[in-house]
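Here is a short briefing on the inside of a protein.

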Amino acid sequence: MELGSDLDWSSSSAAYSLLLRALSLIPTSHYLLAASLLLLTFLYRFLELHILQDLFSFSSGSPVTLTYNSGSRFYDAVVSKCKLLHGSYRATPWLSSPHLQTVFLNFFGRPPFFKYRRQLFTTPDGGTIALDWLMSSDVSGGTIHMDDVISKDDSTPIVVVIPGLTSDSSSAYLKHLAYHTAKCGWKVVVSNHRGLGGVSITSDCFYNAGWTVDVRTVVNYLHKENPRAPLFVVGTSIGANILIKYLGEEGENIPVAGAVAVCSPWDLLIGDRFITRRRVQKFYDKALAIGLQGYAKLHQPHFSRLANWEGIEKSVSIRDFDNHATRIVGKYETVDTYYRRCSSSIYVQSVSIPLLCISALDDPVCTREAIPWDECRANKNVVLATVKHGGHLAFFEGITASGLWWVRAVNEFLDELHSSHFMHVQKKISKPSTPLDSSIDQGPYVNVTEDGMVAALNNEPKSDNVEEIQDTHRDSLKRIPVEVDKPDEDETDAQSVDSSGIPQTASAHDAAVHIITPFKKYLSQLSRQNRWSTWLLVYIAITTSWPVVGSALYILFGKKKRNVLPDGLVRR
């Protein structure tokens, strides 16, 4: 047995030695070639390259897939005429990867060269927003006139741009958009987020993924200063999420003619799970967290006072930063609460103006899993355009990667929408109250005095001042307005109004005459209902409590009766 085992071992050793000797005869260059092939295969899968699919594909690129409602007249009249949206996208060959495209955009981008014209805008809460303007004359070599920025008689369309997370007007992709849009003869204004664009934070309000107050204020201001100019809004990345949420909140009562959302994250909770799933996604998570930390360091005095500065410095992910800063400043209970409430996917169904959404299915930052396909399909005002490749806000095209496909698609869509009769026109209607809204609004509103008198107090805020543009905070309490009939001219002249704009006692009584009669009927009905309800409650209380109360009374009065009677009668 021992001899046989020795023979087996010696034969095995001889075989291995022969194999090693044979492997040593293979040239080293062949080993290097094999290692290179393995490395290329790994990188091809890790970077999600698609150059081979593009080379061996018989099509001219990745076709654009459109998701829309079959009964959408907006699609038939506008989107159906957009050639780019019915064509295909072919990526730059040496950027055939969503990661290569995204990284190249952020580090290089090849933006056109021009200079913005800055306007500092002060919000009602004291914050400062940098509005960076670009006119067609700025990119065509014409004469620059500062009056071009705000002109009430100008009907040139204005495109308002909402940047992405930690981006400002100097970002490469925004420069591409602003330049080519201004080339079309339109005005472009980039509404930088608070604290970005080289502007200091001047209030305790910070922007976040669901902060729609600033875009609402800026849009209302621009509409007021340019009443004849159609307003269009383009949001990118987080800016797209803010835009869709804003459109859903406002409904039809909005001075925006049309909008485009590019690479929206849609559902922030799903995006949070996605960006920490794979190693390559964690790279973006870390990079964005560093950008947020840099933003916080620029405004350290504010963050140190309002947030957890020690936690901000230790943040290694977006979620960490949101937990130590965004959640605290925004007064959200948890990070997940912040993500749920600020996700734009739940607002798509309420969008009431023409909206084009563009997303890449291989977006390494905003996953396709968060796209609300059914909600987009159900809304006749929304068209969703998805492309198989493109990365995050990149979509480079051409051999030299000198242009972005989505910029051309946006300009073509806005041009078709502007030339159609489907541009949205604001309808000033009072929105119904929701469970999240309060039943109080800015005046005129009803004041009920102790004697039952109902009067309308005119406490409407003035709108002549930029500082008092409507909706200082969207989350603040709302008040439901009550329409008041206008009094006759002689009655108006007879009224005496104090300096605060509130009618005095006699004037309020006169103005209330027109609305007292309907309210008397309601008050009388309410009074009768209250009387019946009161007697009903008394009856129910007596009926339900009588067994207990009756027993207690019987015991109580029984003892008193025995104490009053003589002892002889008690013994009998």
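For the residue classes used below, Ala, Val, Leu, Ile, Met, Phe, Trp, Tyr, Cys and Pro count as nonpolar, while Asp, Glu, Lys and Arg count as charged. The others, Gly among them, count as polar. The model is predicted. The structure holds two cavities of 30 Å³ or more.

**Largest cavity**
- The volume of the largest cavity is about 110 Å³.
- Its lining has six nonpolar, four polar and one charged residues.
- The lining residues are Val160, Ile162, Ser191, Asn192, His193, Tyr207, Asn208, Trp211, Asp214, Val215 and Ile242.
- Strand β6 (158-162) and helix α8 (213-225) each supply at least two residues of this lining.

**Second largest cavity**
- The second largest cavity has a volume of about 40 Å³.
- Two nonpolar, four polar and two charged residues make up its lining.
- His50, Asp54, Gly61, Ser62, Tyr89, Arg90, Ala91 and His389 line this cavity.

**Nonpolar cores**
- The largest nonpolar core has 70 residues.
- Leu247, Trp266, Phe303 and Leu355 touch the most other members of that core.
- Helix α9 (residues 238-250) gives the most to this core, with seven residues.
- Apart from this core lies another, of 58 residues, including Ala91, Ala172, Val260 and Ala360.
- Leu247 touches Ile254, Ala259, Ser350, Val351, Ile353 and Leu355, leaving aside residues up to four places away in sequence.

Definitions and conventions
Residues numbered from 1 in each chain as written. Predicted model: local features only at pLDDT ≥ 70, side-chain atom pairs only at ≥ 80, totals over all residues. Heavy atoms only, no water. Core = buried A, V, L, I, M, F, W, Y, C linked by side-chain atoms within 4.5 Å. Buried < 20%, exposed > 50% of the residue type's maximum accessible area, 1.4 Å probe, protein only. Helix = DSSP H or I, 4+ residues; strand = E, 2+ residues; numbered from the N terminus. Contact = heavy atoms within 4.5 Å. 1 Å grid on protein atoms, 1.4 Å probe; cavity = no way out; pocket = protein on both sides within 12 Å on 5 of 7 lines; lining within 4 Å. Points joined across faces, edges and corners; volume = space filled by probe spheres on them.
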